[in-house]
Amino acid sequence: MKILNAKYLKSVTSPDRSLRGKVLEVSFVGRSNVGKSSMINSLAMRKIAKTSSTPGATRLINLYLIEYEHKGARQQAIFSDFPGFGYAKVSKSMQKDWQKMIEGYIERNKEIQKIIWVYDVRREPDRLDEMLLEWFLDRELPFSIALTKTDKESRGFAANKKRLFKQYIKKGEILTFSAKTGEGRKELLEHILKLGDVLKKLNNN
Ligand SMILES: Nc1nc2c(ncn2[C@@H]2O[C@H](COP(=O)(O)OP(=O)(O)OP(=O)(O)O)[C@@H](O)[C@H]2O)c(=O)[nH]1
Ligand SMILES: [Mg+2]
C-alpha cells in the first residue's frame, strides 16, 4: 500500500452524511494516551494527527482523508481518530458525554465502520476494557485489536497478550504495533486494505 496523500478533513461529533457509504472509514478507538493518534501518523507517514504525552489531547472525532494506491488505482479512505476514554482526571459527566458521542457515532455508522481497538500491550484488562469488548461483541461491531507500544515489552510478552485476547474474539484479528519502531505497520496497513476490498465487494453486489 502506497500512501499518496493524507490530510486533516474535519472534526465531528456525529457521522458525516456527505461521506456516508462512499469511502472506507477506519476508526481508531481506545483508552486515552494509548497511541491512537500516533498510530494514524505512523500509518499515514505524516504528522497529521495531534499527539501528546498529556492524556485527553483528542476531544472530538477527527477525520483524516487518506489517499493511497492499491492495485494500480488511486483510492480513498477516512481514518477517524477518537478521543480516548478512561482518563481518571476527567469528570464522570464528561466521561458519559464522550461515551455517548463514541457509541452514537459508531452505532449510527454501522454499515461502513471498521474499528481498530488500540490497546496498550502492557495493560491488564479492567472492567472498562471488558465493557468495551462486550459492547463490540454484543453489537457485532467489526473490530480488530492492535496491541500497541510493543517496543516497551518483549516479543514473548506481546505473544502472551495476543493469546489472552484470542480467547475472547473469534472473528477479529489481533495485530501488534509500535509507532516508535514501525513494527507491525505494514501488516496493519494490509489488514486495513483487506477491509477496503471486502467493502468494495459488498457495494458492488
Ligand atoms: N514508546 C512508544 N510510545 C508511544 C507509542 N505510541 C504512542 N506513544 C506515546 O504515547 C503518548 C500518547 O500518544 P497519542 O498518540 O497522543 O495517544 P492517543 O491515544 O491519541 O491519546 P488521546 O488522544 O489523549 O486519547 C505520546 O507521548 C506518544 O509519543 C509507541 O508505539 N511506543
Ligand atoms: Mg489522540
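How far does a polar side-chain atom of Lys149 lie from an oxygen atom of ligand 1? In this model the distance is 3.1 Å, inside the cut-off for a polar contact, which is a pair of N or O atoms within 3.5 Å; within protein, one must be able to donate a hydrogen and the other to accept it, and residues adjacent in sequence count only if both atoms are side-chain atoms.

Some housekeeping. This is a predicted model, where local features need pLDDT of at least 70 and side-chain atom pairs count only at pLDDT 80 or more, while totals for chains, interfaces and linings use all residues. Residues are numbered from 1 along each chain as its sequence is written, chains are lettered from A and ligands numbered from 1 in the order in which they are written, and side-chain values use heavy atoms, with hydrogens and water left out.

Back to ligand 1. A polar side-chain atom of Ser37 is 2.9 Å from one of its oxygen atoms, and a polar backbone atom of Gly84 is 3.3 Å from an oxygen atom of the ligand. On its own, ligand 1 has 660 Å² of accessible area, and the protein covers 87% of that; areas come from the Shrake-Rupley method with a 1.4 Å probe, and for residues only the protein chains shown count as cover.

The shell holds 23 residues, and the closest are Lys36, Ser38, Gly56, Thr58 and Asp151; to be near, a residue needs a heavy atom within 4 Å. By type, the shell has 4 nonpolar, 13 polar and 6 charged residues. Nonpolar here is Ala, Val, Leu, Ile, Met, Phe, Trp, Tyr, Cys and Pro; charged is Asp, Glu, Lys and Arg; the others, Gly among them, are polar. Helix H1, residues 36–44, gives the most to the shell, with 3 residues.

Next, Thr150. It is found in the loop between strand S6 (143–148) and helix H4 (155–166); helices (H or I, at least four residues) and strands (E, at least two) are DSSP runs, numbered from the N terminus. Is Thr150 buried or exposed? Its relative accessibility is 7%, so it counts as buried, meaning under 20%, with exposed over 50% and partly exposed in between (1.4 Å probe, protein chains only). The Thr150 side chain makes a polar contact of 2.7 Å with the side chain of Glu183.

Finally, the chain as a whole. There are 5 helices and 7 strands. Buried residues make up 49% of the 205 residues.
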